Amino acid sequence: MQINFASIEMPENGAVVFLVEKDTPFSGLAAEADAATSGALGKARGVSRFTGASGQTLDLVAPSGLSVERILLVGLGDQTDKSETKWVELGAKITASLASSGSKQASVIVDADSAIALGVAEGALLRSYRFDKYRTKEPETKKPTLASVSVLTSRPQECSEMFAARARVADGVFHTRDLISEPANILNPESFAEDIKSLAALGVDVEVLGETEMKKLGMGALLGVGQGSAFESQLVIMRWNGAAKDDQPISFVGKGVTFDTGGISLKPGPGMEQMKWDMGGAGTVVGLMKALAGRKAKVNVVATVGLVENMPSSTAQRPGDVVTSMSGQTIEILNTDAEGRLVLADAMWYTQDRFKPRFMIDLATLTGAIITSLGHEHAGMFTDSDELSRQLADAGSSTGDKVWRMPLHANYDKLIDCPTADMKNIGGSAAGSITAAQFLKRYTNDVPWVHLDIAGTVWSEKDLPLSEKGGTGFGVRLLDRFVADNYES
């Protein structure tokens with residue numbers, strides 16, 4: 001969808017959106033429109049019980065006296081909530097309300113500061129996304145008609161210039177949603193790696209390691225997960241150099257299991273189709289790199305994603321197998337469905353060993369236990385760094401991609417000790433997300449590190465404020481803001 005900024009004046013066509021404070025009379029252009037229609041807007045507001053409560057909407061065919069097609073009233077509430085998230089979600093509400101209304105263009109009157117106009121525009125854009133490439137018989141009445149939104153503000157040129165970076169971040173979010181939504185017969189480790197190569201057009205240096213290279217590096221943990229698949233496992237390294245050449249990079253690592261059957265420890269059948277998005281961590285990392293490169297972020301970033309498919313076959317990894325990771329540490333496989341941590345173990349060790357980053361942040365749809373703990377509202381955050389924790393929590397509060405810090409402790413770490421090998425890949429039924437994080441911590445080599453378990457946030461079975469049912473793109477805006485606020489030169 002196209003987003004524009006223009007000066008404040010009454011539109012002559014399309015839909016017009018007025019933002020209305022709770023229990024407050026119309027003002028500005030809304031008051032003029034009400035007068036031009038002999039009070040029809042006020043009457044509709046009264047009989048419909050529209051009070052202007054936060055998020056409340058009233059959609060009207062434009063009364064006589066106006067040349068526009070329709071009027072949408074959107075409630076602002078009592079204005080005590082001044083958060084950025086409020087305005088982004090309000091913009092998304094506008095798109096959701098008008099998407100299939102029949103109107104092709106909408107004008108939103110934002111007689112306020114630039115930050116509010118930018119938030120409304122960002123939300124309107126984010127909510128316009130649809131993954132509909134496989135819908136061949138969708139009725140025309142269900143297809144969206146809204147093609148552009150104009151935000152009318154007193155500073156249109158300034159807003160337009162400032163919005164360019166946000167639009168590039170939205171590109172990254174959309175790329176992540178695309179990847180997470182693709183079925184596993186389309187997105188496999190090899191095709192995923194090919195998709196990532198498209199980032200080269202933005203100046204990202206992309207390097208792909210296949211199984212031969214990974215065997216030479218000793219990546220027995222990652223390779224063990226994918227050995228039952230017909231598709232070759234891949235390790236993809238992305239580098240964006242937006243700062244001085246000698247600036248120490250920051251790094252992100254993503255789990256990319258393009259389909260997770262559980263392997264020999266087979267998952268239950270119901271719901272297994274959702275395991276196409278078990279590559280959500282890698283999808284988020286790719287979207288983040290697209291966002292950073294697209295807006296020319298002034299920072300050096302290394303991103304690594306391990307891409308595998310976890311399948312049961314005659315060559316698949318078995319419970320009881322012992323594998324040797326790139327670090328030299330050995331792992332007894334007690335459950336082949338605890339595979340993501342094996343992928344990350346080698347990807348993280350490779351990243352810190354080769355690139356010596358300032359810190360590492362890994363993202364993974366790692367455990368169902370984190371959903372039991374936090375539901376679908378927050379991603380689980382594990383770290384020993386108070387500074388990184390605070391920075392990520394602040395970025396989450398600003399963007400709405402919320403994180404919640406979970407504990408790490410030596411007593412949890414003991415749960416993955418093993419008499420057969422250096423460690424086992426599960427710690428038992430208790431504290432499953434924590435023991436998974438403790439496992440990963442053994443592969444940081446004391447580099448400052450954060451683990452984000454995003455299993456409950458990358459996909460939604462219902463419409464959300466910023467996205468339809470499906471892939472959410474969670475984490476791209478979070479990490480882009482984290483970088484912008486703390487690490488750009």
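The model is predicted, so local features need pLDDT of at least 70 and side-chain atom pairs count only at pLDDT 80 or more, while totals for chains, interfaces and linings use all residues. Residues are numbered from 1 along each chain as its sequence is written, and side-chain values use heavy atoms, leaving out hydrogens and water.

A salt bridge is a side-chain nitrogen of Lys or Arg within 4 Å of a carboxyl oxygen of Asp or Glu, and the count by this rule is 32. One of them joins Asp463 to Arg127, with the closest N and O atoms 3.9 Å apart. Asp463 is in the loop between strands E18 and E19 and Arg127 in the loop between helix H4 and strand E6, so the pair ties together parts 336 residues apart in sequence. Helices (H or I, at least four residues) and strands (E, at least two) are DSSP runs, numbered from the N terminus. Arg127 is buried at 11% relative accessible area, whereas Asp463 is partly exposed at 49%; buried means under 20%, exposed over 50%, and partly exposed in between (1.4 Å probe, protein chains only).

Glu207 forms a salt bridge with Arg239 (3.5 Å, N to O) and another with Arg354, at 3.1 Å between the closest N and O atoms. Arg354 lies in helix H10 and Glu207 in strand E7, so this pair ties together parts 147 residues apart in sequence.

Turning to the sheet, 3 strands form an open, mixed sheet in the order E11-E12-E16, where two strands pair if DSSP finds at least two bridges between them. Strands E12 and E16 run parallel, joined by 2 bridges.
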